[in-house]
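Here are some notes to read alongside the model, written for someone meeting it for the first time.

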Amino acid sequence: MEPVQSDTVLVVVTGLSGGGRSTVARALENVGFYVVDNLPQALMLDMAELALQAGGAARHTAMVLDVRSRAFSTDLAGAIRALRERGFQPRVVFVDADDEVLIRRFEGVRRSHPLQGDGRLADGIAAERELLAEAREQADVIIDTSQLNVNQLRRRVEELFGGEDARRLRVTVLSFGFKYGLPPDADFVLDARFLPNPYWVAELREHTGREEAVSGYVLGQRGAVEFVETYAQLINTTAPGFEREGKRYLTVAVGCTGGKHRSVAIAEELAGQLRQSRLAANALHRDLGRE
């Protein structure tokens, strides 16, 4: 069968139960995708062919894979390869979260894990992680939802897939607090703790890095502007190579102690400079408001 010449945009969503697949699916619907939930993996190619023939609204199609489907298998690599051999360019999104977070979510809704059986919740999660290990390795983008609420996850998906040119490299500049842990999905990690902390300035303590007073203070410190410019140049230099290698999503994490002042100001400035360089860049703030 000859490969198709298709502009159909295919997104494959998979990941841990309780990780946020349903939220991702709804967010994709919000940006115009036709979403097929709980699709057996064996039917992925058939679904892609149907989307190609239908055109119109189905030109952007998302397929959500769920371990509860009896036809689910671990050969995601083979299914993706079959799509690519037909000329499609699927992008795989994997949603993940820490075990402790998944357990709290299941307990919060008082339901068992689909692979739990007669065992514990932790047993079901461990079994699913093993089943989906290869799928995670094949993912184009991994979204760790451990510290994201529903609205933050929705915004992340809409920023990734809602643009006018979803095939471009999209850069997320993510501020965070080191005391809350490193973002597991970061491609680059920048440490802004070398700058004086506005927390110790009484009139700035209650404000954030998104406000002009704090931003001006942070960026006015020795080395701050050079720090941002150096990393902006690094990302601009590597971006064409990432695009050539098929990477579509880059997460640049900027950390300070609590994720409120320095990292937020630096992330906003870095995202702004990247946009000036015509990269699709957005600033997100993981830990803003936690203190």
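1. The largest pocket has a lining of 22 residues, and those nearest its centre are Gly18, Gly19, Gly20, Arg21 and Ser22. Its volume is about 470 Å³. Pockets and cavities are found on a 1 Å grid over the protein atoms alone: a pocket is an open set of points with protein on both sides within 12 Å along at least five of seven lines, a cavity is a set of points where a 1.4 Å probe fits but cannot get out, and lining residues have an atom within 4 Å of a point. Grid points are joined across faces, edges and corners, and a volume is the space filled by probe spheres set on the points.

2. Before going on, please keep in mind that this is a predicted model, in which local features need pLDDT of at least 70 and side-chain atom pairs count only at pLDDT 80 or more, while totals for chains, interfaces and linings use all residues. Residues are numbered from 1 along each chain as its sequence is written, and side-chain values use heavy atoms, with hydrogens and water left out.

3. Which elements line the largest pocket? At least two residues each come from α1 (21-30), α4 (99-109) and α7 (150-161). The largest share, 4 residues, belongs to α1. Helices (H or I, at least four residues) and strands (E, at least two) are DSSP runs, numbered from the N terminus. By class, this lining holds 7 nonpolar, 8 polar and 7 charged residues. Here Ala, Val, Leu, Ile, Met, Phe, Trp, Tyr, Cys and Pro count as nonpolar, Asp, Glu, Lys and Arg as charged, and the others, Gly among them, as polar.

4. Now look at the second largest pocket, with about 400 Å³ of space. Of its 23 lining residues, Leu148, Leu174, Leu284, His285 and Arg286 lie nearest the centre. Two or more lining residues are given by α7 and by β9 (280-285). The most come from α7, with 4 residues. This lining divides into 9 nonpolar, 5 polar and 9 charged residues.

5. How many cavities of 30 Å³ or more does a search of the whole structure find? There is 1, and the largest cavity has a volume of about 40 Å³. Glu159, Leu160, Arg170, Val171, Thr172, Ala280 and Asn282 line this cavity. The cavity lining has 3 nonpolar, 2 polar and 2 charged residues.

6. Back to α1, where Arg21, Thr23, Val24, Ala25, Ala27 and Leu28 are buried. Buried means under 20% relative accessible area, exposed over 50%, and partly exposed in between (1.4 Å probe, protein chains only). The cover over these buried residues includes β1 (9-15), β2 (34-36), β3 (60-64), β4 (91-96), α5 (121-131) and α7. After α1 comes Gly32, which has a positive phi, near 100°.

7. Ser263 sits in helix α10 (residues 262-276). Is Ser263 buried or exposed? Ser263 is buried, because its relative accessible area is 0%. Leaving aside residues up to four places away in sequence, Ser263 touches Ser175, Phe176, Val254, Gly255 and Cys256; contact means heavy atoms within 4.5 Å.

8. Pro198 belongs to the loop between β7 (188-191) and α8 (212-219). With a relative accessible area of 0%, Pro198 counts as buried. Its contacts, not counting residues up to four places away in sequence, are Leu204, Arg205, Val214, Tyr217, Val218, His261 and Arg262.

9. Finally, the rings: the structure holds 7 aromatic pairs. One of them joins Tyr199 and Trp200 edge-to-face, at 4.9 Å centre to centre and 90° between the planes. Rings of Phe, Tyr and Trp (its six-membered ring) pair if their centres lie within 6.5 Å; planes under 30 degrees apart count as stacked, over 60 as edge-to-face and the rest as tilted. Tyr199 is partly exposed at 31% relative accessible area, whereas Trp200 is exposed at 65%. Phe33, Phe161 and Tyr249 form one aromatic cluster.

10. The charged end of Arg205 lies over the ring of Tyr199, 4.4 Å from its centre, and that of Arg290 over the ring of Tyr180, 4.0 Å from its centre. The test is that NZ of Lys or CZ of Arg is within 6 Å of the ring centre and within 35 degrees of the ring normal.
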